[in-house]
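Here is a friendly walk through a model, written for someone who likes to know the cut-offs behind each term. Have the viewer open as you read.

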Amino acid sequence: MHISVIGTGYVGLVTGACFAEFGVNVTCMDTDARRIAKLEKGEVPFFEPGITELVSKGIKEDRLHFTTDVAKAVDKALVIFIAVGTPPKSDGSADLSYVEEVGRGIAKNMTGYKVIVTKSTVPVGTGEKLREVIKANQTGRFRFDIVSNPEFLREGSAIEDFMRPNRVVIGADSEQAVAIMKDLYRPLYLLETPIVVTDIPTAEMIKYASNAFLAVKISFINEIATVCEKVGADVQMVSKGMGLDNRIGNKFLHAGPGFGGSCFPKDLAALVQTGERVGYPFQIAGAAAKVNYEQHLRMVQKVKDACGGVKGKTLGVLGLSFKPNTNDMREAPSLTILSELMKEGATIRAYDPASMEESVKLLPGMVPCQDTYDVAEGADGLIIMTEWNQFRNLDFERLKKSMKEPLLLDLRNTYESDRVVTYGFRHVSVGRTTKNPAA
């Protein structure tokens with residue numbers, strides 16, 4: 001089978017490279033000529049563990065190809081995945097202009113039957129809208145089927161998520177299309193991966209409902225953390241006690257500065273807007289987004305309180321991306337938190353293993369540093385913003401010698417307080433009592 005993936009962003013490239021690894025012939029298409037030129041040389045424009053090696057392998061074994069020519073992408077492929085961006089509009093709804101543009105391009109270049117698959121996260125009703133766009137722009141009466149096959153890739157572990165998914169969702173109204181999609185995912189049968197076959201609107205809703213529920217869990221535990229601080233409880237033990245209940249589960253119950261990234265904020269806003277469109281105001285999803293924004297501001301206040309105000313203070317920051325193992329700064333909590341601290345007069349020295357180039361553009365005035373210990377030079381406090389593995393075993397004695405004040409603002413609850421205070425540091429975390437070193 002030959003497939004094409006239109007859009008070589010995060011989802012598109014991971015999808016194409018992983019299908020090539022499954023032995024499928026894949027053509028990835030994008031209108032960005034510079035990006036395609038780099039990809040043809042095996043240069044990946046974003047950070048994701050393992051993707052560069054997978055792309056290079058696909059190219060070397062002649063199963064992964066790149067083009068800017070939509071006609072070439074459409075001509076060879078039986079299955080065409082649409083993996084272009086759906087950024088939010090000002091009202092929170094998803095902008096489908098790129099999806100529709102791709103639909104027109106496919107329609108004008110069809111020469112036979114195609115299965116056209118939305119991989120991008122799209123609102124309910126997009127499949128039907130795409131069908132209408134293609135019908136209106138076809139140059140001939142060629143048969144085609146629309147499929148919704150939403151992605152559930154976590155940045156930082158996307159390849160593992162694709163190769164060993166919890167489930168594969170196929171939304172279609174054609175038995176032929178379902179059979180072709182099942183054949184495409186056949187390598188996963190050995191893993192007994194559940195295949196959920198449903199209609200197109202249901203598949204589209206599964207994606208939004210999944211992301212919204214995970215976002216709700218994060219906002220809920222962050223509210224619990226706020227109350228824990230006021231009553232003297234430990235949110236980590238609360239999370240553990242909750243998570244051991246199989247009805248709840250322990251995933252996404254980690255208190256911190258709030259969620260970010262390209263999915264949760266955007267998908268919550270789109271789901272709320274979908275509800276408004278059909279006459280139902282989503283209350284829980286809207287509340288999760290509101291709590292998340294307020295959590296960013298609570299972290300600003302937490303830092304100010306711990307430092308006795310930040311005007312004229314220097315703060316070291318470890319991690320800037322919205323989560324570890326990615327360079328994605330979209331909606332990262334660090335953007336709001338650090339911008340507010342700089343407005344209050346703080347000097348920010350920061351280091352991130354992958355996102356420094358982008359961070360410097362997004363946080364003007366921030367002092368970029370070379371490594372963990374460069375960040376700490378002359379600092380009145382050290383903030384752990386993103387829990388990269390390399391920040392999990394810090395040399396506190398070395399840090400203490402570099403810092404003006406031995407204060408660790410652990411916004412990811414990376415450390416146990418008892419360990420930190422033995423090195424003479426004050427430990428401020430989220431949802432736990434602040435601990436001071438022994439006098």
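## The sheet

Strand 1 (residues 2–6) and strand 4 (residues 79–82) run parallel and are joined by 4 bridges. Helices (H or I, at least four residues) and strands (E, at least two) are DSSP runs numbered from the N terminus, and two strands pair if DSSP finds at least two bridges between them. This is a predicted model, in which local features need pLDDT of at least 70 and side-chain atom pairs count only at pLDDT 80 or more, while totals for chains, interfaces and linings use all residues. Residues are numbered from 1 along each chain as its sequence is written, and side-chain values use heavy atoms, leaving out hydrogens and water.

The open sheet holds 8 strands in the order 3-2-1-4-5-6-7-8, with mixed pairing. Its edges are strand 3 (64–67) and strand 8 (195–198), each pairing on one side only. On average, neighbouring strands are turned by 25 degrees against each other, direction ignored. Helix 2 (residues 33–40) packs on this sheet, touching strand 2 (25–29) and strand 3, and its direction makes about 155 degrees with that of strand 3. Here contact means heavy atoms within 4.5 Å; axes are lines fitted to C-alpha atoms, for helices over the stretch in contact, with angles from 0 to 180 degrees between N-to-C directions.

## Salt bridges

The whole structure has 20 salt bridges, each a side-chain nitrogen of Lys or Arg within 4 Å of a carboxyl oxygen of Asp or Glu. One of them joins Glu128 to Arg131, at 3.4 Å from N to O. These two residues are separated by about one helical turn because they lie 3 residues apart in helix 6 (residues 126–137). Glu128 is partly exposed at 42% relative accessible area, whereas Arg131 is buried at 11%; buried means under 20%, exposed over 50%, and partly exposed in between (1.4 Å probe, protein chains only). Glu128, Arg131 and Asp173 are linked in a network of salt bridges.

Which residue does Glu229 pair with in a salt bridge? The partner is Lys302, with the closest N and O atoms 2.8 Å apart. This pair links distant parts of the chain, 73 residues apart: Glu229 sits in helix 9 (residues 200–231) and Lys302 in helix 12. Glu229 is partly exposed, at 33% relative accessible area, while Lys302 counts as buried at 13%.
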